[in-house]
Amino acid sequence: MRTQRSEAENDSRPLFPLFTRAFGLRLGLWYATLFVVGSLAIVFLTYLLTKTSLEQRDRQIINAKLGQYAVTYERGGIDALADTVRAEQLTAPERLFVRIIDRGTVATVLSNPRGWDPSNLEMGSLRLGDGTLVQVGKSTEERDDLLSRFRAALGLVTLSIAVIAIGGGLLATQSAIAPIRRLIDAVSHIIRTGRTDARVPLAGTGDAIDDLTALFNAMLDKIEALVAAMRAALDNVSHDLRTPLTRLRGTAEMALAGQPDLDRYREALADCVEESDRVLVMLNALMDISEAESGMLQLQREPVRLTDVVARAVDLYHDAADAKGVTLDSDVRLKPDAAADEGIIVTADRTRLEQVAANLIDNAVKYTPPGGRVEVTVERDSHRALLRVRDTGVGIPRDELPRIWDRLFRGDRSRAERGLGLGLSLVKAIVEAHGGTVDVQSEPGRGSTFTVALPV
């Protein structure tokens, strides 16, 4: 079994690094893809705007020349227009193609016709008032050459962006998943060693990964506390069950070892039943505590008069207190402005509240020496109902106060008394299941005061 377990652990170990590598690769690729796609969109938009701007510039030049040539033609005729075109051909940085079509029949080319490629010529036309058509053309070769160079530059820029995006994406994702890797290393260490005391150091950045790390450490603290409590409970259960089981076995062996005797058999069976009841009470109390702490305890909620519940529990323990020489008193207090017959009503499970009151009174009577006093009071404070049980008993040592609510915990002074160590644990679980709280104030030799607060 141990070999199979170790083989399974060895098989599962590479999965964590493989997962982080695959996750980091996917994250880096997504980052690079989004970055490259966004950059390509910006590059394409830049190229499109540049091309459109150049085309608009050429069109504006053509339209401006059409207007200028039309005015020159109207003022001086074809000769004046020809002189203007020749002068521009010699001095202007850009040559233009100019043609005049006289009433749609005779075409006169006023610019140098050599070197013009009709496929690379962008034309503009304007018809004058006398029917003459003036045409101006501009070569697109220079614009195409400029756009070609611009495309080459954008290609280099795009390639650089892709390289930077991939490299930056890998670096960014490696840095981003480093805290996740620390978490995975901590989990792997816990799985391999079975120790829950390992913690992941916080990076101190205050980001979401730091919050996740803090929650993970808090979860480990909770798990460690639960495991420690479970181990302690199992140790206590095994210790406390050993005594009744040993008694059961001893009683049965003694009955079987002697001569056949019906009375002895009956007495032995009665002892076995008593010890079995003790074990069943312990197991049922443990189950109730577990259900209450996990939120699975079924509560039959109804309006309950808390004073009636306390009065019933006090009546139940009056005889036990008298037999021990302990005075058991109860007092129900209301605010001065409340009617005496109003009582204190809580919405709760009557049976469970009776368990709470009975366990607290039983605990007080049990640890109060003869001649002592136990007082049970019920008060209403704002929106809470308060049940207090005071005693003048031996008290609880300060070092044991935080542990009295633990399952099966019994202090050194309580070992001499018969009990299971589950009463206070059950009280706390039931009260918290009702949305209330319970606390204790105690000093050694001066008694204890338990206070239960329930919402009204």
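## The second largest cavity

The second largest cavity holds about 30 Å³ of space, in a structure with two cavities of 30 Å³ or more. A cavity here is a set of points, on a 1 Å grid over the protein atoms alone, where a 1.4 Å probe fits but cannot get out; lining residues have an atom within 4 Å of a point. The volume is the space filled by probe spheres set on the points, which are joined across faces, edges and corners. This is a predicted model, in which local features need pLDDT of at least 70 and side-chain atom pairs count only at pLDDT 80 or more, while totals for chains, interfaces and linings use all residues. Residues are numbered from 1 along each chain as its sequence is written, and side-chain values use heavy atoms, with hydrogens and water left out.

Which residues line this cavity? They are Leu306, Val309, Leu353, Val356, Ala357, Leu387, Val452 and Leu454. Helix 7 (306-324), helix 8 (350-366) and strand 11 (448-455) each give two or more residues to that lining, and helix 8 gives the most, with three. Helices (H or I, at least four residues) and strands (E, at least two) are DSSP runs, numbered from the N terminus. By class the lining has eight nonpolar, no polar and no charged residues. Ala, Val, Leu, Ile, Met, Phe, Trp, Tyr, Cys and Pro count as nonpolar, Asp, Glu, Lys and Arg as charged, and the others, Gly among them, as polar.

## Helix 7 against helix 8

The axes of helix 7 and helix 8 come within 9 Å and cross at roughly 30°. That makes the two helices roughly parallel, a label for angles under 35 degrees. Axes are lines fitted to C-alpha atoms, for helices over the stretch in contact, and angles run from 0 to 180 degrees between N-to-C directions.

On the helix 7 side, the contact (heavy atoms within 4.5 Å) includes Leu306, Val309 and Tyr317; on the helix 8 side, Leu353, Ala357 and Ile361 are among the residues involved. The contact of helix 7 with helix 8 divides into eleven nonpolar, no polar and six charged residues.

## Helix 8 against helix 9

Helix 8 also packs with helix 9 (residues 423-433), at an angle of about 145° and with the axes 9 Å apart. Here Arg352, Gln355, Val356, Asn359 and Leu360 of helix 8 meet Gly423, Leu424, Leu426, Val427, Ile430 and Val431 of helix 9. This contact has seven nonpolar, three polar and one charged residues.

## Helix 3 against helix 4

Helix 3 (residues 141-176) and helix 4 (residues 178-193) pack at about 40°, their axes 4 Å apart. Gln174, Ser175 and Ala176 of helix 3 touch Ala178, Pro179 and Arg181 of helix 4.

Note on methods. 1 Å grid on protein atoms, 1.4 Å probe; cavity = no way out; pocket = protein on both sides within 12 Å on 5 of 7 lines; lining within 4 Å. Parallel < 35°, antiparallel > 145°, perpendicular 65-115°, else oblique.
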